[in-house]
Amino acid sequence: MDAGFTFTCKPLLTPVPCQRWMRSISPGLLSTIPAPPASRELYTNVQHGFLAASLLCLFRTSRSRSPRLGHASVRALASTVLLVDADSHQMHEIRLAMQELGSEDAQLAVTVFAAPGRIDSNKWSHFLQKHTITFQSVKRVGGRVDPNDEAIQSHMRSLVEDPSLETLALLTSDTDFLEVALKTSTKCIRVVVLVPEAMRGTMRKYADAGIEVVPLRRRNGDVAYTVRATLLPDGTGAVKRCKPIPRLPDFREEVEALLSFLTGLGYRSAEGARMLPCVAKCWFANIQKPLTVFPSQAAVMALRAEMQLQHRWAKSAGNLVFVFPCSVSKPPKSKQLELGGTLAFRILQGGGPSMLHDSEELTPQVLSMLGYLDDGLNADLLEALLVFINATRNKSLLKQMDALPRPGQAAADICSKMRRAFLSSRGDGHWQPAPKDGAVRKVLTQGGYLPKTPACPEAVLLAKQRYSRKNMLPDMKTYNGYLWQIMRSINASDPSRRDAIWL
């Protein structure tokens, strides 16, 4: 982890340490001090004031010349500290969090953790300077760990030793910090976790553990969804545009009523699971009707209503797999507002949910559904696993489920591990589909490897092979393998890029 950079701070200049400064100041500077007045005491005070003003001037000058230089924290004398996982949260959410904690309070200090390259963005640089925020750069190292999580957890543990700390706040969307938050709360320090209101499962887990949770309201207020995803009784699904579906401001009571019900029937494990897969599996096994799974609130309300009809409910056989593809594309702002948010846009691009039954061929079946494996240009199972596991969302989900493969594992062992992950309800089913080739086609066309006219996949594969040989990239066996490898090469300088999980 790199040292942090502080953009602005307020130096504490008092007469007390001036004698110490005077001993370190060159005679040339001292000679510029006016001749001593009659009173020696007054003269000493004049010296102190002159030196303090000079040092303050020097500090401001050096800061304006090099705004990225500074020390790791400006939290001295701050009673409230806000730590931000900027891999998951943008500037508007940081502003909301600061407002919740009182951004005008001089005792609030904010530290943002992000990849080193984030500081090169003019927008982020201006934002950090404007709001007096400390930037903590975190190198993207290792494919099996989240460097931001490790850096924030380490920082949290170090802050506990500061006697001036009264409140430790954390802006996050996941529960990876729960253990450290609980340990911090035992030190007579108030711990506050700020979570976007859409992350109800995350909020619930912290709240159930006794941690204070503050939900962050969406920027767009009560925007309705205009995307509906439906799971059909035959296990297939569909996603399409629809009339506006208002968001429910709070349906915690309905969720709480379902938790014990689903746990009792075996659809929810005792140690907890994501709500939507549990609801979908219970519905699919018991009720032969379509179920709206997005917005997820519709699924919760539908199953809650069926509970009132006194069905005879079948217990979970543990053999259902909920697959709900979700892209990682960033929508234009207009689409985000039109559809009801980023997740709605990504669900629409995903293609709709499915419910599968467990089998020995479950892993190849899921990979085929998501576009990683086929009988044509993507027929190599191990390479399909390589590309699937290294997809951004998939890697994150597998890490949360402790399901990332170990180095040297055989394809059969990896398939078994993926099978258990697909069967588990600890994940939300939002697996990332295979990558699109539009960006790589553009690179190949610009480099003269492809004609400007549309080319068939076989021609694109040959162009990828020529590009890889010329740029000394490793040989791959499949269309998606070359696509993934070339995209890694193109984005090699991206500071937020993580190391690959090699099989």
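Which residue caps the N-terminal end of α20? Threonine 478 does, through a side-chain oxygen that lies 2.9 Å from the backbone nitrogen of glycine 481.

The views below come from a predicted model, in which local features need pLDDT of at least 70 and side-chain atom pairs count only at pLDDT 80 or more, while totals for chains, interfaces and linings use all residues. Residues are numbered from 1 along each chain as its sequence is written, and side-chain values use heavy atoms, with hydrogens and water left out.

**Figure 1. Overview of the protein.** The secondary structure comes to 20 helices and 12 strands; helices (H or I, at least four residues) and strands (E, at least two) are DSSP runs, numbered from the N terminus. Of the 503 residues, 46% are buried. Buried stands for under 20% relative accessible area, exposed for over 50%, and partly exposed for values in between (1.4 Å probe, protein chains only). Among contacts (heavy atoms within 4.5 Å) between residues at least 6 apart in sequence, 65% join residues at least 24 apart.

Figure 2. The 12 residues of α20 reach 17 Å from the first C-alpha to the last, close to the 16 Å expected at 1.5 Å a residue; the expected span is 1.5 Å times one less than the number of residues. Of these 12 residues, 9 are buried: Tyr479, Asn480, Gly481, Tyr482, Leu483, Trp484, Gln485, Ile486 and Arg488. The elements covering them include α15, α18 and α19. The cap is the one made by threonine 478 to glycine 481.

**Figure 3. The largest nonpolar core.** A nonpolar core is a set of buried Ala, Val, Leu, Ile, Met, Phe, Trp, Tyr and Cys residues joined through side-chain atoms within 4.5 Å. The largest one has 46 residues, of which Tyr372, Phe388, Ile389, Leu398 and Trp431 touch the most other members. Two or more residues each are given by β11 (320-323), α14 (362-369), α15 (381-389), α16 (392-400), α17 (411-423), α18 (438-446), α19 (457-470) and α20 (479-490). The largest share, 6 residues, comes from α15. Leaving aside neighbours within four places in sequence, isoleucine 389 is in contact with Asn394, Lys395, Leu398, Leu404, Pro405, Ile414, Met418, Ile501 and Leu503. Another core, of 40 residues, lies apart from the largest one and has Met275, Val279, Leu339 and Phe345 among its members.

Figure 4. In β6 (residues 190-196), 6 of the 7 residues are buried. The strand pairs in the parallel sense with β5 (residues 167-171) over 5 bridges, and leucine 168 stands opposite valine 191. Strands pair if DSSP finds at least two bridges between them. β6 also pairs in the parallel sense with β7 (residues 212-216), over 5 bridges; here valine 195 stands opposite proline 215.

**Figure 5. Helix α6 and what covers it.** Helix α6 (residues 147-159) has 13 residues and reaches 18 Å from its first C-alpha to its last, close to the 18 Å expected at 1.5 Å a residue. Its buried residues are Pro147, Asn148, Asp149, Ala151, Ile152, Gln153, His155, Met156 and Leu159. Their cover includes β2 (80-85), β3 (108-114), β5, α7 and α16.

**Figure 6. Asparagine 286 in helix α10.** Asparagine 286 is found in α10 (residues 275-286) and is buried, with a relative accessible area of 18%. Its side chain reaches the backbone oxygen of cysteine 282 at 2.8 Å, a polar contact (a pair of N or O atoms within 3.5 Å; within protein, one must be able to donate a hydrogen and the other to accept it, and residues adjacent in sequence count only if both atoms are side-chain atoms). Not counting residues up to four places away in sequence, asparagine 286 touches Tyr267, Arg312, Trp313 and Ala314.

**Figure 7. The hairpin of β8 and β9.** Strands β8 (residues 225-231) and β9 (residues 237-245) run antiparallel and are joined by 6 bridges. Leucine 231 has glycine 237 as its bridge partner. The hairpin has 5 residues between the strands, and glycine 235 in the turn has a positive phi of about 95°.
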